[in-house]
Amino acid sequence: MAKVEEGQEPPSVKSELDDAALHQTITLEDGTKLSYAEVGPKSGAPAFLLLGMGGFRLFVKFFEEVSVRSNLRLICLDRPGRGRSGAFPEGGKESPVPSVFAKMLLEVADSLKIDKFGLVGHSAGCVFSLAIAIEAPERVIEPLVLFSPWVTLKVKGHWLGIRSAAKLPLPLLRAGMAVVNGICRLHLICGGASHVVSKMSKREKASLSDPRKKEMLDEILTRLLAEQEPNNTEDVVLCLEKGNGYGFEASGLKKRVRLVIGDRDGVVPVEVVRKFQESLGDELAEMHLVEGGTHEILFDSETVDENISFLSASMGADGWDESCASAASVGIGGSGGMTVGSREREGGVLEGCDSSASSSSSSSPVPVGGASGLGEGPVDSFLCREEGEKASGGCLYEQEKRSRGSGMETDQGG
């Protein structure tokens, strides 16, 4: 929500949602148009928010306060077929959807002159987050923060209803989803925010106790219906692994992940997430169990604030300087695993960066994982100095040459 000075009247919810930053578009080299919204300072540490079924860019508005506090530039893309985004390109329909979208997001990052970035995912959006981290690990700043993460059906323990749906022939599954999509639209038209809130736990409802936040949710749902039909068919096909697959194996992941799951999640069983964490190993993944959390955990402001703040600290967001497009990217193994990348700069070198350490910690209702859990101990970061200042300790890095072209158009508003 917009920050209001004491004695001032807050802007209307509608005017807040009319902000041009929430209605930006970008056209990729293949002509595909993607819409996106962003909150937080433009010069902040960049991260992408990838939502699951029913996802819509304007939901990023609920992350605005923590993004501003954390100096995080949080960007939420409408995946193809959602919001104002165009459909998937014809040439990509035979390929795994997450792999195709990963390449799209990397094009967007190039166009926005974002070299390295963080990733936040929810539900089916976590599949896309993993695809990006595996496709371009050198560009992702760990850890990935994954809320209510959808886990492959290869991990045993999913609910009976989901396992049964996965056995349906694809035509029958699509026909059934057509009915479900119609029911979803009816619920949103008739119930609006009240319908969404009815599925939340007490702690999640408490986060929406402010009437203004409830009004915000209602208006976002109204705009969602105006821009797109509730159509979760392709996400269901993806999650049930009935289409072209994920295009990756989790064993290819080299970035740390933070798995956040509510103990009352009715979509993804806690035990499935626990097994997924164990398959990745304690050094690579840790799980945080939220008491009273459901699959609507993104509306739990306390849980979101804690984990987004943790990501921000891990990225070194407090000392982020957009004139120096390098960031901490702590890898697994090796001598610290620190890598530094940069945008192309005239002169062939990157201005001096001062390597420093800052402590960050994050509590969790029930942490699960090894002793090397995320948030225990210092997080390395690079704080950029004024251009031209002599860097000490050899902190002057040769420029990382990149041949990625921009070739894309960006528009704001409209």
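## A buried loop residue

N232 sits in the loop between α9 and α10; helices (H or I, at least four residues) and strands (E, at least two) are DSSP runs, numbered from the N terminus. At 14% relative accessibility, N232 counts as buried, a word that here means under 20% relative accessible area, with exposed meaning over 50% and partly exposed in between (1.4 Å probe, protein chains only). N232 touches M53, G54, R82, M177 and N181, leaving aside residues up to four places away in sequence. Contact means heavy atoms within 4.5 Å.

## What kind of model this is

This is a predicted model, in which local features need pLDDT of at least 70 and side-chain atom pairs count only at pLDDT 80 or more, while totals for chains, interfaces and linings use all residues. Residues are numbered from 1 along each chain as its sequence is written, and side-chain values use heavy atoms, with hydrogens and water left out.

The pLDDT is the predictor's confidence in each residue, from 0 to 100. The protein chain averages a pLDDT of 81, and 75% of the residues score at least 70. Over residues 323–407, pLDDT stays under 50; the model has 172 contacts beyond four places in sequence for that stretch. Where pLDDT is low, the predicted coordinates should not be read in detail.

## The chain as a whole

The secondary structure of the protein chain comes to 12 helices and 12 strands. Of its 414 residues, 53% are buried. Among contacts with a separation of 6 or more, 78% are between residues 24 or more positions apart. The chain exposes about 18,100 Å², and carbon and sulfur atoms supply 51% of that area. Accessible areas come from the Shrake-Rupley method with a 1.4 Å probe; for residues, only the protein chains shown count as cover.

Now to α6, which covers residues 170–191. At 1.5 Å a residue, its 22 residues should span 32 Å, and its end C-alpha atoms are 31 Å apart, which agrees. The expected span of a helix is 1.5 Å times one less than its number of residues.

Which residues of α6 are buried? They are L173, M177, N181 and L188. Seen down the axis of α6, these buried residues fall within an arc of 85 degrees, so they line one face of the helix; the arc is that of the directions from the helix axis to the C-beta atoms. The face turned away from the buried side carries the exposed residues P171, V179, L186, I189 and C190. The buried residues of α6 pack against α5 (160–166), α7 (193–197), α9 (211–227) and α10 (233–239). Just after α6, G192 takes a positive phi of about 55 degrees.

## Helix α9

Helix α9 has 17 residues and reaches 24 Å from its first C-alpha to its last, close to the 24 Å expected at 1.5 Å a residue. Its buried residues are K213, M216, L217, E219, I220, L221, R223, L224 and L225. What covers them includes α1 (13–17), α6, α7 and α8 (202–207).

## Two nonpolar cores

A nonpolar core is a set of buried Ala, Val, Leu, Ile, Met, Phe, Trp, Tyr and Cys residues joined through side-chain atoms within 4.5 Å. The largest one here has 60 residues, and those with the most contacts inside it are F48, F117, L119 and V257. Helix α3 gives the largest share of this core, 8 residues. A second, separate core of 45 residues includes F63, V196, L221 and V290. In soluble globular proteins, nonpolar side chains tend to be buried together.

Let's look at L119 from the largest core. Not counting residues up to four places away in sequence, L119 touches F48, L50, S129, I132, A133, V140, P143, L144 and V145. As for V257, its C-alpha atom is separated by 8.9 Å from that of Q277, 20 residues apart along the chain. Q277 is in helix α11 (residues 270–280) and counts as buried at 2% relative accessibility.

## Backbone details in the loops

P143 lies in the loop between α4 (125–135) and β6 (144–147). A cis peptide bond joins E142 and P143, with omega about 5 degrees.

K113 has a positive phi of about 60 degrees although it is not a glycine. K113 is in the loop between α3 (97–111) and β5 (118–122) and is exposed, with a relative accessible area of 55%. S123, in the loop between β5 and α4, is another residue other than glycine with a positive phi, near 55 degrees. Is S123 buried or exposed? S123 is buried, with a relative accessible area of 8%.
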